[in-house]
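Welcome, and thanks for taking a look. Please open the structure and keep it in view as we walk through a strand and some aromatic contacts.

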Amino acid sequence: MISTAKRLEGIGEYYFSQKLRAIDELNRQGKQIINLGIGSPDMPPHPDVIKTLQEESAKPNVHAYQNYKGSPVLREAIAAWYKTWYNITLNADTEILPLIGSKEGIMHLCMTYINEGDDVYVPNPGYPTYRSAATLAGGNIVEYTLEEKNNWLPDLEALKKQIAGSQKRQSARLLFVNYPHMPTGQLPTASFFESLVAFAKANNVLIVHDNPYSFILNDNPASILSVPGAKEVAVELNSLSKSQNMAGWRVGMLCGAKERMDEVLRFKSNMDSGMFLPVQLAAAKALTLGQDWYSSINAMYRNRREKVFALLQLLNCSFSLQQAGMFVWAKIPAAYKDGYALSDEALYNAGIFITPGGIFGSAGNNYIRVSLCCTEQKIQESIERVKASLKGKK
């Protein structure tokens, strides 16, 4: 009898993969579900980016295997992007590693640094892939809880005690952090990044900062690598998926010290044969876009967010107006057992899919997350559907 590897024990199918099948079935029944769940930009990349892909892919000499470290053109564009927007100087030859999406980079980092049983610190609530990738690599998952009363920032004193209490004090450790935070939208501060770097140095952990949302509804993009000495204890994942509307293109990057890039490349170079060159050149073009580009997409998201606020008020949810990223995180009313209950009610009574906060960890059980990756018209239709369902309950 064929059985799966032990490493898959406790690893289920990704929640959205399952839920999309259920939504597809409802749509086949004629329900026309409005999906306010997934953070996949519904707007296209800049026309110049698409034009670059078209022109470059028509050339006869661009279809071969590529350099495992990525095209120098893309690496130099990433370095210039970091300098322009984060005011950070990176060596394009040694401190940047292009990725086939930053989600790939999470797995690469786990496989590069985690031995069987090593402690890996993941936020609760947080992106589920941190947990699953670390588990697949054999890591021992240690959650650190984020709370609304602490502005969704980690309690570093409590985390220090968790690390001190570990029986594997000499084991390699990764600490996943993600600001602007998904799912809560919490922004970082310079002092927080400074404290985090000092904490990593004092506690012998490698910080993995996942930074794909820093341009969305945020006027001051920030990177942990701006802290002096951060490269000694931190690496940063970044992505074009959100900021450039290129989610399906699968273009990301890992940035940090040369030693870290070389170490990750030892694993990555055995997993793929490089990214299609025209995609890399188009990505380089995308990274040259100016303030007008970011202002235009944020104007769209800002208008959508106002509609989502109105939707959440109808649902009697409470939320902060100061959130970044392409979601709105909201606390559910006490009448519901958890976010799953509200999500199911919205799906089956109003034909709207809203993400239950519990998929991001137990600390998200009393919350929901609404995506801004849907037109204003669809969000307005969601409002009308909720109004109609509320009338039907009376």
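This is a predicted model: local features need pLDDT of at least 70, side-chain atom pairs count only at pLDDT 80 or more; totals for chains, interfaces and linings use all residues.

Strand β8 pairs with strand β2 (residues 96–99), running antiparallel and joined by four bridges. Here Leu97 stands opposite Leu254. Strand β7 (residues 234–239) also pairs with β8 in the antiparallel sense, again over four bridges, and Ser239 has Gly252 as its bridge partner.

## Aromatic pairs

The whole structure holds 18 aromatic pairs. One of them is stacked: the ring centres of Trp81 and Phe215 are 5.2 Å apart, with the planes at 20°. This pair links distant parts of the chain, since Trp81 is in helix α3 (residues 72–86) and Phe215 is in the loop between β6 (206–210) and β7, 134 residues apart. Trp81 is buried at 1% relative accessibility, and Phe215 is buried at 3%.

Trp152 and Trp329 make an edge-to-face pair, 6.1 Å centre to centre with 85° between the planes. Trp152 lies in the loop between β4 (140–145) and α6 (156–164) and Trp329 in strand β10 (residues 327–331), so the pair ties together parts 177 residues apart in sequence. Trp152 is buried at 7% and Trp329 at 3%.

## A cluster and a charge

Trp81 and Phe215 also belong to one aromatic cluster with Tyr82, Trp85, Tyr86 and Tyr294. Elsewhere on our tour, Arg369 lies over the face of Phe327, at 3.6 Å from the ring centre.

Technical notes. Residues are numbered from 1 along each chain as its sequence is written. Side-chain values use heavy atoms; hydrogens and water are left out. Two strands pair if DSSP finds at least two bridges between them. Helices (H or I, at least four residues) and strands (E, at least two) are DSSP runs, numbered from the N terminus. Rings of Phe, Tyr and Trp (its six-membered ring) pair if their centres lie within 6.5 Å; planes under 30 degrees apart count as stacked, over 60 as edge-to-face and the rest as tilted. Buried means under 20% relative accessible area, exposed over 50%, partly exposed in between (1.4 Å probe, protein chains only). A charge sits over a ring if NZ of Lys or CZ of Arg is within 6 Å of the ring centre and within 35 degrees of the ring normal.
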